[in-house]
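Please find below my comments on this model, as numbered points.

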Amino acid sequence: MCLRVKFYPPDPAALKEEITRYLVFLQIKRDLYHGRLLCKTSDAAMLAAYILQAEVGDYDPGKHPEGYSSKFQFFPKHSEKLERRISDIHKTELIGQTPEESELNFLQKAQELETYGVDPHPCKDVSGNPAFLAFTPFGFTVLQGNRRVHFLNWDEVTKLKFEAKTFHIYANQKEDKKIILTYFAPTPEACKHLWKCGVENQAFYKLDKSSQVRTVSSSNLFFKGSRFRYSGRVAKEVMEQRLVWYPVGAVLPSPTAQELYTSPSWRVKHTLAPLHTHQLQSFTVDIDRAGLSLLMCVTTRYSTQMAGLPDPDKAYFWTEKYAQ
């Protein structure tokens, strides 16, 4: 089983948790290696140099002999000239950068590329030419070879449809210009998967709230074709979620009875009631690879004698996250 990023953040530098930024860094590093993150040679050399700086730190002649960068696989294949350029950047331009700074610079550089966040779906256009369709944080894109031939912002895309192996994208551009792009997937199953991915990405990146999500039909007639509804939070809701930071030695807060009964488990609440040790049900601690931040998840079981709980026979649990 392989886990990967499904929805790429529009601005990875805005992610507050370092461990989350690191996971996105690993995903984009993997995209670069698998040839999904297409870029010019100069950009490729800079991205690889950031990876090298994050992995080995500053260049040290005693530790890094000639050809040391060849031990790392940054791309599916690359030339000796590119390898020398990567080493030159690492030796001269990135001195003093910490691993965290190098990873952040890598994310900021990758975000500027046209193929950032691309998960390509192989298709053919109406002329039979091979193409890759992809959905990014910013919109719908079509790639042919190493070039982006079409791009539509999510605000411009009005409808996504499919029938058998045929996929349609309807859009309104400037001056009320309406366009329809048509592509053909290898199989009807692949086309339906492409359509579902498009519906999910459009809902996730375009909507302000998950309550705005609606069931979508693949046909003009709602009672015909396939129907699908994205389930989950949207990008703006995810980016607005915050952890609560407490100083070392602080008393962890616990919820009031009303909050315990009415709030979802992931929502962080502030209360003044202290957390008593006999109520502690379980906790987990995660420390990132650099040992710089600590994330603790505390699950507490509350007694049914707690005033205000509506069901005396029900056990109530409250989960909170703390970081320091």
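1. The second largest cavity is lined by Tyr-8, Ile-28, Asp-31, Arg-36, Leu-37, Thr-115, Tyr-116, Gly-117 and Val-118. A cavity here is a set of points, on a 1 Å grid over the protein atoms alone, where a 1.4 Å probe fits but cannot get out; lining residues have an atom within 4 Å of a point. The volume of this second largest cavity is about 40 Å³, a volume being the space filled by probe spheres set on the points, with grid points joined across faces, edges and corners. Its lining has five nonpolar, two polar and two charged residues. In that count Ala, Val, Leu, Ile, Met, Phe, Trp, Tyr, Cys and Pro are nonpolar, Asp, Glu, Lys and Arg are charged, and the others, Gly among them, are polar.

2. On provenance: the model is predicted, local features need pLDDT of at least 70, side-chain atom pairs count only at pLDDT 80 or more, and totals for chains, interfaces and linings use all residues. Residues are numbered from 1 along each chain as its sequence is written, and side-chain values use heavy atoms, with hydrogens and water left out.

3. The whole structure holds two cavities of 30 Å³ or more. The largest cavity contains about 60 Å³ of space. Around the largest cavity lie Glu-18, Arg-21, Tyr-22, Phe-25, Glu-100, Glu-103, Leu-104 and Leu-107, which divide into four nonpolar, no polar and four charged.

4. A pocket is an open set of points with protein on both sides within 12 Å along at least five of seven lines. It has 27 lining residues, and the closest to its centre are Leu-37, Leu-38, Cys-39, Lys-40 and Thr-41. H2, H3 and strand S4 (147-153) each give two or more residues to this lining, with the largest share, five residues, from H2. By class the pocket lining has eleven nonpolar, seven polar and nine charged residues.

5. How do H2 and H4 pack? Their angle is about 160° and their axes are 8 Å apart; axes are lines fitted to C-alpha atoms, for helices over the stretch in contact, and angles run from 0 to 180 degrees between N-to-C directions. H2 and H4 are therefore roughly antiparallel (under 35 degrees counts as roughly parallel, over 145 as roughly antiparallel, 65 to 115 as roughly perpendicular and the rest as oblique). Residues in contact (heavy atoms within 4.5 Å) include Leu-47 and Tyr-50 in H2, and Phe-106 and Lys-109 in H4.

6. Helix H2 (residues 41-56) also packs on helix H3 (residues 80-92), at an angle of about 55° with axes 8 Å apart, and the pair is therefore oblique. Among the residues that meet are Ala-45, Ala-49 and Leu-52 in H2, and Leu-82, Ile-86 and Ile-89 in H3. The residues of this contact divide into nine nonpolar, three polar and one charged.

7. The axes of helix H1 (residues 18-33) and H2 come within 12 Å and cross at roughly 130°, which makes H1 oblique to H2. Phe-25, Lys-29 and Leu-32 in H1 meet Leu-47, Ile-51 and Glu-55 in H2. That contact has four nonpolar, no polar and two charged residues.

How values were computed:
Helices (H or I, at least four residues) and strands (E, at least two) are DSSP runs, numbered from the N terminus.
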